[in-house]
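I opened a notebook page for this chain and put down what I looked up, in the order in which I looked.

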Amino acid sequence: MVGGIVEALALVFVFVVGVAVLAAVVLFAIDRTQTADAIRRNYPVIGRFRSLFTSLGEFFRQYFFAMDREELPFNRAQRDWIKHAGEGKGNTVAFGSTRNIAIPGTPVFVNAAFPPLDDQYASSEPLVIGPGAREPYEATSIFNLSGMSYGAISKPAVQALSRGCKAAGCWMNTGEGGLSPYHLEGGCDIVFQMGTAKFGVRDDDGNLDEDKLRAVAAHREVKMIEIKLAQGAKPGKGGILPAAKISPEIAAIRHIPLGRDGISPNRHAEVDDWGDLLDFVGRVREITGLPTGIKTVYGGHAEYRELFELILERGEDSAPDFITLDGGEGGTGASPMPLMDLVGVTIREALPKVSALRDDMGLKDRIRLIASGKLVNPGDVAWAMCAGADFVTSARGFMFSLGCIQAMKCNKNTCPTGITTHDPRFQKGLVVEDKWQRVAHYVQSITKDLEVIAHSVGVSEPRLMRRRHVRIVQPDGSSVPLNELYPRYNVMTGT
Ligand code: SF4
């Protein structure tokens with residue numbers, strides 16, 4: 001009996017080895033004779049392991065090899081902070097910081113010698129946007145959800161975000177893909193984003209359909225309209241939603257035909273210059289009665305100076321109610337690599353420049369500044385407050401709170417966490433009942449820790465933090481206050 005089993009195993013072993021040898025011989029012949037891959041031609045069979053390890057490395061690097069603070073776009077320390085915040089766990093750490101504060105560009109906040117007592121603890125206050133609109137918006141949260149379209153992200157992701165934002169008291173931006181029933185489901189405040197294709201509010205030729213826009217604005221949850229000119233991940237380029245990803249439901253929400261790619265032009269056809277833009281902002285505000293602003297990427301000082309001068313010339317009523325300033329480091333589902341890597345000034349440079357210009361031209365109380373671009377942790381938000389932002393938005397921070405593992409396959413339909421896929425097999429992993437609470441905890445933790453920093457700095461509200469409250473580490477290891485790095489703009493001399 002035992003002898004029979006040993007004999008069978010030996011036969012299986014010989015068979016497996018035989019098949020392996022045969023396969024190696026065939027692969028050797030294929031590799032040696034093919035001409036497309038030099039490594040495989042010179043190192044047949046073995047050369048194949050190179051591409052295997054390269055693709056496996058993408059997945060395993062973050063677990064076994066990368067240090068806590070070294071990955072991009074977000075490192076493990078940043079992701080873990082969000083994970084713990086979402087789980088409602090405290091984010092206290094033991095022994096000492098793993099952050100290397102000698103790295104140039106690191107912000108270091110300046111503690112007050114005599115901070116307010118604990119019963120005078122810093123707390124965030126609501127702030128009105130668009131006081132001149134028929135329905136001004138009193139926004140309660142400093143930290144809010146940036147634009148992510150239904151279609152780019154899944155139905156359960158939108159549902160969890162909507163419910164989480166409601167619980168946290170922050171707004172949710174629809175992204176340019178139109179307003180879906182899932183955005184409305186949780187009852188949170190909504191910013192409707194109008195992209196260049198005007199998805200959801202367009203006629204058959206892609207022009208603005210005023211009745212459709214009026215219908216969107218009639219939802220009581222919709223509080224503001226954001227006209228998107230550009231986004232940091234792909235300034236100057238519109239998007240394409242492939243026909244294959246356009247379901248009948250998405251086609252109906254966006255008001256586009258089935259069976260054809262959904263193309264976003266690279267800019268709004270009716271907006272050629274700042275004058276046109278102010279006209280368009282005024283038209284949208286008049287139709288909707290809601291605060292109306294723009295989303296754009298900083299492209300240079302002269303451009304913004306021209307915009308603010310034109311506003312002063314026409315009168316403050318003509319101004320956009322807010323400007324969402326997106327840094328070149330912003331992310332997206334899919335973008336050409338040169339645009340993602342190389343185009344668009346970072347928020348760390350753009351925000352202090354634009355806020356200084358706005359403030360010095362007397363428009364601080366008229367135009368709210370909303371900053372976005374990899375601002376996902378409390379320190380990032382606190383820096384933005386010091387640099388002049390009134391609000392901060394993030395998309396990827398919220399994705400991490402939903403469970404994103406930074407697999408970076410958002411442009412495929414294979415997101416392993418169900419966030420950016422329409423495949424029900426993967427969506428099953430995203431349980432709305434659990435995730436909305438993580439979203440809410442994340443926003444609440446950001447706010448709480450932002451207030452901790454504000455309190456330590458010695459102010460009673462995070463928006464009272466100023467440039468002098470943050471110092472930026474320089475290449476020689478010393479630090480310089482932000483107000484020295486970015487001195488205020490002088491309106492009188494134009495310098
Ligand atoms: S898990 Fe990966 S594919 Fe899914 S949202 Fe996160 S980065 Fe994108």
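Among contacts in the chain with a separation of 6 or more, 67% are between residues 24 or more positions apart. I noted that this is a predicted model, in which local features need pLDDT of at least 70, side-chain atom pairs count only at pLDDT 80 or more, and totals for chains, interfaces and linings use all residues. Residues are numbered from 1 along each chain as its sequence is written.

Next I looked at the overall dimensions. The chain has a radius of gyration of 26 Å, which agrees with the value near 23 Å that a compact globule of 495 residues would have; the radius is taken over C-alpha atoms, and the globule rule is 2.2 Å times the number of residues to the power 0.38. Along the principal axes, the C-alpha atoms fill a box of roughly 95 × 60 × 45 Å.

I then turned to burial, where a residue is buried if 20 or more other C-beta atoms lie within 10 Å of its own, exposed if 12 or fewer, and partly exposed in between. Of the 495 residues, 43% are buried. Beyond its neighbours within four places in sequence, I found Ala389 in contact with Leu351, Ser355, Leu369, Ile370, Ala371 and Ala384.

Which residues of helix α7 (residues 210-217) are buried? I listed Leu213, Val216 and Ala217. They lie on the same side of α7, because they cover an arc of only 95 degrees around the axis, the arc being that of the directions from the helix axis to the C-beta atoms. Their cover includes β6 (189-194), β7 (222-228) and α9 (274-288).

Lastly I checked backbone angles. Lys374, in the loop between β12 (368-372) and α13 (378-386), has a positive phi of about 60 degrees although it is not a glycine, and it counts as buried, with 22 C-beta neighbours inside 10 Å. His255, in the loop between α8 (248-254) and β9 (262-263), also has a positive phi, near 60 degrees, but counts as partly exposed because it has 18 C-beta neighbours inside 10 Å.

Methods: Two residues are in contact if their C-beta atoms, placed from the backbone, lie within 7 Å. Helices (H or I, at least four residues) and strands (E, at least two) are DSSP runs, numbered from the N terminus.
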